Amino acid sequence: MTASTDFLAKLNPSQRAAVEHFCGPLLVVAGAGSGKTRALTFRIANLVLNHRVDPESILAVTFTNKAAKEMKERIEVLFAEQEAQAKHGKSLSALPEYEQTKLRSHVYKTVTKHLWIGTFHALCSRILRFDIEKYQHPDGYTWKKTFSIFDESDAQSLVKNIVTKQLNLDDKKFNPRSVRYAISNAKNQNFTPAELEKEQPNYRGRMVADVYRHYEKALAANNSLDFDDLIMIPVKLFQQNESVLGYWHNRFRHILVDEYQDTNRTQYDLIRLLTTNGEDIQQFNDWRNRSTFVVGDADQSIYSFRAADFTILMNFQNDFGDGLADDDTRSMVKLEENYRSTSNILHVANHIIENNTERIDKILRATRGEGETIFCYKADDEIHEADFVVGQLRNLEFQHPELKWGDFAILYRTNAQSRSFEEILTRYSIPYQVVGGLRFYDRREIKDVLAYVRAIANPDDTVSLKRVINVPRRGVGKGTLDKLDQATQTLGCPLWEILRDEGSVKTLAGRSAKGVLEFARIIKKCRDRLDDAKGSEIIQELLEDSGYIDALKAEGTEEADERIGNVQELYNAVLQFEEENEDSSLLAFLANASLASDLDNMEEGNNRVSLMTLHSSKGLEFPVVFLVGLEQGLFPNFRSLEDPAATEEERRLCYVGITRAKERLFISYARERRLYGHREPASPSLFLGELPVDYVTTNSGLGMPQRMTTPIRDARSEREGAAKPGSGAHEFDWNAGDIVVHPSYGAGEVTHIFGAGNKICLAVKFPNQGRKIIDPKLTKLQRAE
DNA sequence: CCCAGTGTCTCTTCC
DNA sequence: AGACACTGGG
């Protein structure tokens with residue numbers, strides 16, 4: 001392959017600086033629509049083409065599987081283009097189709113196949129397939145390569161069982177869901193049960209830690225991991241085993257992380273360990289042939305509910321970087337040109353996000369024309385709202401021949417809001433796709449079949465065995481299951497150890513023994529073929545043998561037919577997986593299925609209106625966006641109303657939604673909405689009051705939403721006064737531990753200092769408000785003694 | 001052991 | 001309104 005720089009000419013200067021930065025740390029602060037995916041893909045291409053980096057030593061972390069797939073695709077095209085120029089002196093598209101295919105498959109074999117691109121979860125599960133057997137849990141548990149990945153409902157029923165059955169706790173006080181959430185949170189911060197207990201030294205903390213301990217034991221007994229383990233266990237393994245860490249550290253010399261503002265503590269630890277080989281981050285400076293390149297935007301941090309912490313991004317300069325101010329630093333680049341949206345849309349977005357106090361200074365410059373104004377619609381109820389949206393949709397599609405159904409998106413805060421839109425879209429026969437909600441892999445029949453497969457691949461997976469031991473009905477009821485359970489507890493062995501032994505089953509199960517033995521026979525038979533048969537063959541056999549399909553056929557209902565169809569689709573997915581993947585084992589397929597999100601199925605070019613939550617929409621863009629349900633309690637969600645930090649996250653979510661739009665943006669809300677089957681009055685969202693009046697047209701005059709007076713507003717007016725040049729941060733020399741007084745939050749303690757020079761930001765902990773990030777240039781802080 | 005009928009809770013957001 | 005867990009009669 002010939003070295004080439006002409007593809008870099010397509011980049012703007014800051015993009016180019018980011019892409020061409022070779023070794024060392026780099027933070028790319030990339031606003032919405034500033035071409036960060038482009039920077040990432042071009043960077044990978046540049047590393048391989050111009051710096052001769054071995055594709056195997058590149059690790060790129062994306063936020064979704066879909067993004068990973070797209071990135072591989074784009075890199076493949078980029079390389080094929082280079083080769084087409086070098087070999088044929090023509091552009092790729094000018095070549096005959098068979099030449100194109102040939103080139104692309106060559107690129108696949110030599111480059112893209114060897115790149116590790118994926119989500120934290122997918123990449124970590126790959127690492128674990130190599131190394132999990134070397135991991136030692138502090139309580140002595142170990143795992144095998146055949147581990148299962150439990151989904152959220154598996155995890156929750158495990159927790160419920162521990163709370164109610166094993167520890168006899170009151171499940172009102174220790175609601176399994178919130179306990180599970182607390183455990184997940186602990187794992188996302190790389191806390192062991194003991195560390196969690198230390199963090200919360202009270203009765204509840206002790207109890208949750210105890211559940212956590214039992215939960216770990218149960219996972220180990222099933223040779224299973226939950227989602228959080230996929231990341232935490234590699235981290236703990238790296239911390240305890242130098243040679244394992246050394247291997248991966250040497251292998252991954254160029255690390256790229258997208259959406260860095262949404263990483264949590266454990267994910268950060270992983271990146272840090274891989275970069276420094278376990279050396280203290282402050283001491284580490286051996287960047288020869290190595291880079292750690294992260295891209296993010298603190299204004300788009302929307303995952304704090306799964307322990308994402310955007311101060312990790314703000315700390316990058318101190319952690320990995322040179323810690324110098326913007327003008328001098330060599331470890332930060334800002335992408336501030338927005339290529340996506342009209343300037344009207346951008347203005348509205350910028351205006352909204354300015355209401356947040358927790359942010360770093362960033363300008364998003366428009367590169368496009370003004371465009372249309374934003375339209376804000378007040379509806380009577382959610383049906384009327386859907387009528388409005390679909391009416392606009394049809395109008396625009398009719399009037400603008402260039403607009404296709406696939407160019408429209410309806411974005412909402414909660415999945416439950418999709419229904420009213422679906423009904424009306426169906427009525428007008430407009431094709432649509434709902435992204436999210438019930439995942440394909442979460443359907444009952446799919447989970448059943450996958451439970452069979454998991455049980456076959458992982459003999460210790462008792463949870464899966466129990467799920468399907470009586471599916472279809474084999475006369476194995478609760479009584480029998482209890483007896484089997486008891487036996488496993490007494491013997492301390494997995495369920496399968498009992499099932500495999502005919503004598504034991506006959507003794508324990510009595511009349512049900514026949515069904516249990518039949519089940520055991522099926523599992524065993526399929527398991528025996530694991531080594532020599534293809535996964536698809538085993539599944540086919542399983543579906544016949546188990547009578548699963550026959551039982552559905554016998555039902556004869558429309559619902560059962562649909563389930564049969566879904567199972568068929570699953571089978572097709574296995575076939576496709578085997579075709580597309582190097583490692584096409586059932587284990588690999590299962591991992592893929594566990595980590596698949598509904599977004600991954602979303603197809604572009606199938607020309608359907610997209611319906612999805614704001615969270616799912618991150619990273620996407622649409623010519624026309626409808627942002628719906630802007631009501632207090634819905635968006636911002638009622639759980640965040642009391643907490644200013646949570647409200648700010650909702651506002652970032654709103655910012656994400658607005659910045660998805662390229663040409664047109666519609667915002668809507670209803671006066672009344674159905675909730676739990678009852679009509680409830682609704683009031684306009686706080687965010688409506690923050691829209692810049694001159695940029696918005698409405699159907700009801702703009703007096704409507706009352707502006708809320710909150711401390712946040714006060715902080716803003718403060719800011720306008722203070723943001724003059726001259727009033728600098730140089731006056732003060734800030735230190736961690738300083739006590740300051742904030743105009744609206746009162747006294748607090750400085751805990752961190754971000755940035756340097758006149759670009760300094762402070763993290764201040766207020767007794768009642770929690771931690772805030774404050775720019776002392778914008779908000780006057782008084783120093784207290 | 002299985003089914004049908006009743007009661008309970010829920011709507012954050014996702015890998 | 002709808003999904004899901006629990007209970008009691010067959």
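Where does proline 472 lie, in terms of the loop and the helices around it? Select proline 472: the loop it sits in runs between helix 19 (462-468) and helix 20. Helices here are DSSP runs (H or I, at least four residues), strands are E runs of at least two, and both are numbered from the N terminus.

This is a predicted model, in which local features need pLDDT of at least 70, side-chain atom pairs count only at pLDDT 80 or more, and totals for chains, interfaces and linings use all residues. Residues are numbered from 1 along each chain as its sequence is written, chains are lettered from A and ligands numbered from 1 in the order in which they are written, and side-chain values use heavy atoms, with hydrogens and water left out.

**Stop 1: confidence**

Colour chain A by pLDDT, the predictor's confidence in each residue, from 0 to 100. The average for chain A is 89. A score of at least 70 is reached by 92% of the residues. Now select residues 702-731. Here pLDDT stays under 50. The model has 43 contacts beyond four places in sequence for this stretch. Contact means heavy atoms within 4.5 Å.

**Stop 2: the cis prolines**

Go back to proline 472. A cis peptide bond joins valine 471 to proline 472, with omega about 0°. Next, select phenylalanine 635 and proline 636. They too are joined by a cis peptide bond, and omega is about 5°. Proline 636 is in the loop between strand 15 (622-627) and helix 30 (644-658).

**Stop 3: DNA strand B**

Show DNA strand B. Around it are 28 residues. A residue counts as near the strand if one of its heavy atoms lies within 4 Å of it. The closest are Arg413, Asn415, Arg473, Thr480 and Arg639.

Which part of DNA strand B has 55% of the atoms within 4 Å of the protein? Sugar or phosphate does; the rest of those atoms belong to bases.

Look now for polar contacts, pairs of N or O atoms within 3.5 Å; within protein, one must be able to donate a hydrogen and the other to accept it, and residues adjacent in sequence count only if both atoms are side-chain atoms.

- Arginine 473: a side-chain N or O atom is 2.4 Å from a phosphate oxygen of DNA strand B.
- Glycine 475: a polar backbone atom is 3.4 Å from a phosphate oxygen of DNA strand B.
- Histidine 615: a polar side-chain atom is 3.4 Å from a base oxygen of DNA strand B.

Highlight helix 20 (478-491) and helix 29 (614-617). Each supplies at least two residues of the surface near DNA strand B. The largest share, three residues, is from helix 20. By type, the surface has six nonpolar, 15 polar and seven charged residues. Nonpolar covers Ala, Val, Leu, Ile, Met, Phe, Trp, Tyr, Cys and Pro; charged covers Asp, Glu, Lys and Arg; the others, Gly among them, are polar.

**Stop 4: the cores**

A nonpolar core is a set of buried Ala, Val, Leu, Ile, Met, Phe, Trp, Tyr and Cys residues joined through side-chain atoms within 4.5 Å. Buried means under 20% relative accessible area, exposed over 50%, and partly exposed in between (1.4 Å probe, protein chains only).

The largest core has 51 residues. Those touching the most other members are Tyr441, Leu450, Leu465, Leu499, Phe519, Ile523 and Leu570. Helix 18 (residues 444-457) gives the most to this core: nine residues. A second, separate core has 50 residues, including Leu245, Val257, Ile271 and Leu595.

Zoom in on leucine 570. Leaving out residues up to four places away in sequence, leucine 570 touches Phe440, Tyr441, Ile446, Val449, Leu450 and Phe589.

Then select helix 27 (residues 586-595). Why is helix 27 largely enclosed by the rest of the structure? Because eight of its ten residues are buried. Among them are Leu586, Phe589 and Leu595.

**Stop 5: single residues**

Select lysine 66, in helix 3 (residues 65-88). Buried or exposed? Lysine 66 is buried, with a relative accessible area of 9%. Beyond four places in sequence, lysine 66 touches Leu599, Asp600, Met602, Glu604 and Leu620.

Move to asparagine 223, in the loop between helix 9 (203-221) and strand 5 (224-225). Its phi is positive, near 45°, in a residue other than glycine. Asparagine 223 is buried, at 2% relative accessible area.

Finish at tyrosine 676, between strand 17 (672-675) and strand 18 (678-681). Tyrosine 676 is not a glycine, yet its phi is positive, about 50°. Tyrosine 676 counts as exposed, at 78% relative accessibility.
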